[in-house]
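Trainee: I have a model open and would like to learn how to read its features. Could you walk me through a few of them?

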Amino acid sequence: MQTLQPLVPHITTPNGSLAHPVHFLLVGIPGLGPNVHFWLAFPLCFMYAVATLGNLAIILIIRVERRLHEPMYLFLAMLSTIDLVLSSVTMPKMASLFLTGTQEIEFNICLTQMFLIHALSAMESAVLLAMAFDRFVAICYPLRHASVLTGPTVVKIGLASLARGFVFFLPLPFLLKRLSYCRTHTVTHSFCLHQDIMKLSCTDTKVNVVYGLFIILSVMGVDSLFIGFSYILILRAVLELSSRGAALKAFNTCISHLCAVLVFYVPLIGLSVVHRLGSPTSLVHVVMANIYLLLPPVVNPIVYGAKTKEIRSRIISIFSQDGR
């Protein structure tokens with residue numbers, strides 16, 4: 001007896017050799033019913049509001065306060081801009097999925113979302129590496145900090161981070177378009193990721209697998225190694241300081257950045273491990289993917305707002321003026 005499955009319309013390429021679905025179907029969290037998804041949409045909307053307002057506040061404060069036009073804060077503004085765009089790419093569609101149950105996402109829109117998610121994640125990784133380098137120079141070579149990280153240098157680092165994210169991940173949509181999709185068209189997450197779309201293909205995906213592994217290792221892998229190496233050198237320099245107070249003060253300037261690195265890389269590593277060892281449709285896999293994409297844009301502005309004295313005092317002064 002043949003099992004009936006939902007029919008998804010297909011479009012074919014001009015030569016008729018490839019079959020692309022008109023749309024993919026997104027899922028929420030496995031095992032949860034429509035009612036639970038509906039109520040989960042409200043905390044998701046709250047998270048989106050926190051991410052939007054928090055990151056916008058940091059960007060505007062750094063833009064207005066000229067004394068914050070230093071490398072550390074300029075890199076922070078870049079990080080907040082990336083988080084703002086990343087949250088806008090993922091959270092509204094997820095909230096719509098949870099609230100209305102509308103699963104369909106058009107094929108090209110799914111590929112666009114996939115490209116933006118991966119490219120923005122690569123840009124965030126690059127900015128975190130730049131911030132680690134800034135802390136390394138500031139603590140290990142404080143007298144050379146102003147001459148090494150000048151304004152033009154910071155701009156060039158930002159543009160290089162942007163270019164690397166686009167150049168490395170731009171081939172992914174085209175690699176996915178060269179595949180045919182004749183299996184189920186249900187994506188295992190609430191958003192589109194390269195590895196999930198690739199697994200829906202019924203043609204050879206060897207090129208996608210090899211290139212995907214290459215860019216993950218050469219982008220996130222290399223960045224994480226350099227960040228770890230930077231902190232080894234920072235820790236060694238801090239431990240060599242004669243005064244314990246000076247050592248604590250120096251290392252305290254790294255706490256916010258360390259939190260941002262952990263929030264970004266720990267879920268990424270966990271997702272990679274679960275992806276290799278577990279089922280792609282498992283609850284743990286989906287939850288780890290959601291944490292990896294949703295947590296940094298929400299947590300980063302909170303951590304930097306609480307730990308950075310200049311930003312915290314500016315926010316307090318704004319609220320105190322509004323309360324008068």
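This is a predicted model: local features need pLDDT of at least 70, side-chain atom pairs count only at pLDDT 80 or more; totals for chains, interfaces and linings use all residues.

Trainee: Which residue forms a salt bridge with Asp223?

Mentor: The general idea comes before the case. Side chains of opposite charge can pair when their charged atoms come close. Here the partner of Asp223 is Arg164, and their closest N and O atoms are 2.6 Å apart.

Trainee: How many salt bridges does the count come to?

Mentor: The count is 3 salt bridges. Besides the one you have seen, Asp134 and Arg135 meet through their side chains at 2.9 Å, N to O. Glu65 and Arg67 do likewise, at 3.2 Å, N to O.

Trainee: How should I read the accessibility of those residues?

Mentor: Take each pair in turn. Asp134 counts as buried at 1% relative accessibility, and Arg135 is buried as well, with a relative accessible area of 10%. In the other pair, Glu65 is buried at 14%, whereas Arg67 is partly exposed at 48%. The 48% of Arg67 is not over 50%, so the label is partly exposed rather than exposed.

Trainee: Now the surface. Which residues make the nonpolar surface patch?

Mentor: A patch groups nonpolar side chains that are joined within 5 Å. In this model Phe38, Trp39, Phe42 and Leu99 make one of about 420 Å². Helix 1 (residues 34–64) gives the largest share of that patch, 3 residues. Trp39 lies in helix 1 and, at 60% relative accessibility, counts as exposed.

Trainee: What does UniProt list for "transmembrane region"?

Mentor: Read such a record as an annotation, then look at the model for the geometry. The unreviewed UniProt entry lists residues 38–61, 73–91, 111–133, 154–176, 209–234, 255–277 and 283–304 under that name. For residues 73–91, the model gives 100% helix and 0% strand, with the end C-alpha atoms 26 Å apart. Residues 111–133 are also 100% helix and 0% strand, and their end C-alpha atoms lie 33 Å apart.

Trainee: And how do I read the surroundings of a single residue? For example, which residues does Ser80 touch?

Mentor: Set aside residues up to four places away in sequence, then list the contacts. For Ser80 these are Asn55, Ile58 and Ile59. Ser80 sits in helix 2 (residues 71–100) and is buried, with a relative accessible area of 2%.

Trainee: Where is Val219, and what does Val219 touch?

Mentor: Val219 is in helix 8, and at 0% relative accessibility it counts as buried. With the sequence neighbours up to four places away left out, Val219 touches Ala122, Ser125, Arg164 and Phe168. Arg164 is a name you already know, as the salt-bridge partner of Asp223.

Trainee: How far apart are Val219 and Ser125 in sequence and in space?

Mentor: Compare the two separations. Val219 and Ser125 are 94 residues apart in sequence, yet 7.9 Å apart in space, C-alpha to C-alpha.

How values were computed:
Residues are numbered from 1 along each chain as its sequence is written. Side-chain values use heavy atoms; hydrogens and water are left out. A salt bridge is a side-chain nitrogen of Lys or Arg within 4 Å of a carboxyl oxygen of Asp or Glu. Buried means under 20% relative accessible area, exposed over 50%, partly exposed in between (1.4 Å probe, protein chains only). Patches are made of residues with over 30% relative accessible area and no salt bridge: like charges are joined within 9 Å, nonpolar side chains (Val, Leu, Ile, Met, Phe, Trp, Tyr) within 5 Å. Accessible areas come from the Shrake-Rupley method with a 1.4 Å probe; for residues, only the protein chains shown count as cover. Helices (H or I, at least four residues) and strands (E, at least two) are DSSP runs, numbered from the N terminus. UniProt positions are given in the numbering used here, feature names are shortened, and annotations may be inferred rather than shown by experiment. Contact means heavy atoms within 4.5 Å.
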